[in-house]
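Look at the sequence and the structure below, beginning with chain A.

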Amino acid sequence: MHSTPFARLVAYTWLWLCTLVFLSPIAWMVLQSLKTPIEAIAFPPRFIFSPTLANYGAVLSSDGFRSALLGSLIIGMGSVAIALATGVPFAYALARCDFPGRKELGHFILSTKMLPAIVIIVPFIQVYRHIGLLDTYVGVVIAHVLLSLAVVVWVMRGFFQALPRELEEAAVIDGASRLRAFGVIILPLAVPGLITVAALGFILSWNDLFFALTLTSLNVTTLPAFLGTQYVGFLAVDWGKLSAAGLLATLPIMLLAVGLQRFLIRGLALGAVK
Amino acid sequence: MKRREFLTATAAVCALGKLSSASAATSNFGSINWKQQSGTKLNVFMARHPWQEAIEPEIDQFRGLTGINVQLSELPEDQYATKVAADLSAGVFEYDVFMSQYYDAPRYEAAKWTAALDPLMNDPKLTDKNWYDWQDFFPGARQIATIGGKYADRVAITAEAQILIYRKDVLAKLGIAPPLDFNDLLAAADKIGKAGNISGITLRGGTYAWWPFYGVVKSYGGDFLTPDLKPVIDSSQDIEALQMYADLAKDAPQGVTSYDWDEINTAMLSGQAAMFLDSSVIYSRIKDPTLSTVSNEIGAAPFPTGPAGRHGSSHYWSLSMAAASKQQDAGWLFIQWATSKPVQALLQSKGVLAPRASVYGTSDASKMYAADFLDAVKISLTSAVILPANAKFFELMDPLRVAIQQVITGDSTAATSLKSVESQWQKILA
Amino acid sequence: MAKDLSLKMTTSASEPRERSVAQFFRPRHFARHRSSASRDMRRFALILTLPLTVVLLALLIYPLIYTIILAFTSDKGGASLGNFIAIVTASGFAQVVTNTLIFTCASTAISFLFGFSLAYAMEFVGAGRRFFSSILILPMALMPVVSGLTWSMMLNPALGVVNALLRVVGVHGPGWATQADTALATVILIDAWQWTPFCFLIIHAGFQSLAREPLEAALIDGATRWQTLRMVIIPLLRNILLVTLLFRMMDAFKAFDTIFVVTKGGPGRATETLVIRAFMQAFQFYEPRTTAAIGVLLLIATMLATRRIGDLIGQEVE
């Protein structure tokens, strides 16, 4: 967008201001992660101290952290893959196909996200036990698909609707199958949306504690459960290690975000070319 | 969730095990055949707690003694409670032995979630009764075993007394003697607060304020419920007690309504408060110079007396066995081992107070704890009270928590808020 | 081609109302004119939607029916409305409902406005785009367990860093989450902080998918920025914005982690919401029937609230 220097100034100021405000708690966490236990609860809170990397060392060298990290990665990627594979075509059907019950189907998908997990967890656990999904990776993956599926379907439907219908109509008239028209013409145009829902789905899975807690017992460990267990003791929170582990746990998401940015720009470029 | 497979004995575990096996060798484990369940796999579930921290490295000793493989899972207390409640309610509880608290007992027994332990305790094949010595447990600890009234579903593993912990240096500087009764305590807290550098006292104003509050209520001659579960929370003694509690809270750090165990500890450890009226469990931590900035300045006194005497709260964590467990014999062997004299003595020497009287006379105890602390615990425990657990316990505690907080924040008075609690309790118990 | 398309988008989006009315009167115009194509289309839709629908139903039907039956069962086993009556007449119910509504509306509004304004600001930025859009995700990327604990310690009135800094500049800080009159605002701010990135991400992607030309055409035609925003951008992004609002609202309505970690519903009942109450009923009081009844109330309320927005989104902007 062409913008005047003044508009740019306002925009940059706002972005920087918000960035500073939004990141200040995280900056504090960074400081906390570099402190010894006594410094972390010192009063008045310390800004100047001799920093130590011991917390990061302790977290990274813990077997539990590494296996929880692996568990979270497997579950996050698995659930995003399934949510996209099932949700995106579903969204396309809702956006483009005229069929009876379309509206109801949309509301049905939405309703999967309406009941708080707290309310249905007990019967849900029983279903899981019945089909043997308790305490398995597959079970947690499916539960996490439920967390993101409605977002995937509804956000993608919005993106599909924003694309002109003529695009696939033309392709279908030229003899392409509907599926092909969807895969070759529409999907590439919806890349910004796909990236966004993929990132959101991954974050929702990555941060979930409740399902990870209630649907697993012995065989599956994820990061939120591990962090809570390892660094929140009965007597007190181990602030240094908790902060270090919490910050380390955001790294995969940040890497993902930075990596996906490339596609976001590319999606933009495609949109402009058409 | 932290899971540690004890099946695979690593070098590190072996090194730890040395100390344990040394003590195991010198300890007598009675006449039963401990190897009878050898090869069984046992799932044990614990909340994060000093007891858990102390016993975890010793579990290897149990493995050596019995040949039973223990798989241990842990969660912090809040999440632990959620997980246990969800799994028990859904009927998918996978653990054999788990940590419980005595106020859960009525619910657990009513739903038959826990196994009866008395048959196992009375089975000569499984228990050497003379060696185990049930009468050695404190009366309160024995009482909580059958608190649901139907069958013994738990054995106490810890003893916690509500005592007064104070900063010797702060009190000495202001010329204050360690307070003996509640009026002294309030005067001392006021004086320290007025001096300005540090809060007079820290106490719980959060979700679990009812535990320390019960000690104050009993010492003022009030109570929560009659034995046949009629609420008496709005008596004049209860109102006085709440007034005292709220007055003390005025000398606590700002924001005391969010203070539970974690926060009152932090306030003491970081030197923000001069006195502490809560569980003795804080002691080993506050005396640890790597965690506490005030480790050299700590004194301990018995729970203060009120108009009706000295009746601080006490608390016992316990071990229970799931009714659905298929390894009940092995589970009982674990519970028996963990609550036996030698193991309790070992844990006490690591800073966790035991529910067994015999353990207190040992030389280990006096090496570990200062004399004023041991006295404070012993004196407080002799007249300590336990909360009247019943099936609606937490539902009852919720309006009380609200009332305590509203009086502390000044949004209500002690009399009005307790009247409201009384009427809500009548409804809940109707 | 670019020009053509974008112009079409502009015209269609700037008159959504007429379109939707027209659609309302002939909802299946395709079906009438091209019936074989429509059969084809229906089969295609079936293939895309049926498997997932079946799997979801299989997973969720039992928990749903179980919950509804439980909600209408009395403690003696018969059918009854007793659980609902008990909830509604329980002490503090009005306050809990008010808290829930305030929390939902305020947290949604704040995070949406911040998310939107940040996404819009990004449109003026050349250098640093990637930097901002990566770093602004951070509040959501932190696990709620960790960020909740960190916030509650930072805002601890006596021990926390926020009031300590205020003290340095001579201000006596408020009690934040520990005082009845500021607690709700505090947890709302933390929740909005955490979820602003959610709104930002979706709306930002929405902006990215917009064709540039209509915006620039509008500007060249002499429209002010405000007019462009109102007349072109918001209509074009209508569905995306509504979806964002919808999910933010649903999530705020059942927000749990932050409130539970920071206040557990206190002090008093200052921050107790329906979900917090449902949690306590389920996992502390062991009253599954009350939890189920609260769940049914939540479900009905959410359905009513989302129905209208959902239908708005469902209307296709052709």
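Helices (H or I, at least four residues) and strands (E, at least two) are DSSP runs, numbered from the N terminus. By that rule chain A has 13 helices and zero strands. This is a predicted model, in which local features need pLDDT of at least 70 and side-chain atom pairs count only at pLDDT 80 or more, while totals for chains, interfaces and linings use all residues. Residues are numbered from 1 along each chain as its sequence is written, and chains are lettered from A and ligands numbered from 1 in the order in which they are written.

The C-alpha atoms of chain A fill a box of roughly 70 × 65 × 30 Å along the principal axes. Of the 274 residues in chain A, 54% are buried (20 or more other C-beta atoms within 10 Å of the residue's own, with C-beta atoms placed from the backbone).

Two residues are in contact if their C-beta atoms, placed from the backbone, lie within 7 Å. On this basis, 28 residues of chain A are in contact with 33 residues of chain B. The largest share of chain B's side, seven residues, comes from H4(B).

A nonpolar core is a set of buried Ala, Val, Leu, Ile, Met, Phe, Trp, Tyr and Cys residues joined through C-beta atoms within 7 Å. The largest one has 328 residues, and A:Val152, B:Ile165 and B:Phe334 have the most contacts inside it. Domain 1 (2–159 + 316–355) and domain 2 (161–314 + 388–429) of chain B both give residues to this core, so it lies between them; the domain bounds come from an automatic or database domain assignment.

How values were computed
A residue is buried if 20 or more other C-beta atoms lie within 10 Å of its own, exposed if 12 or fewer, and partly exposed in between; C-beta atoms are placed from the backbone.
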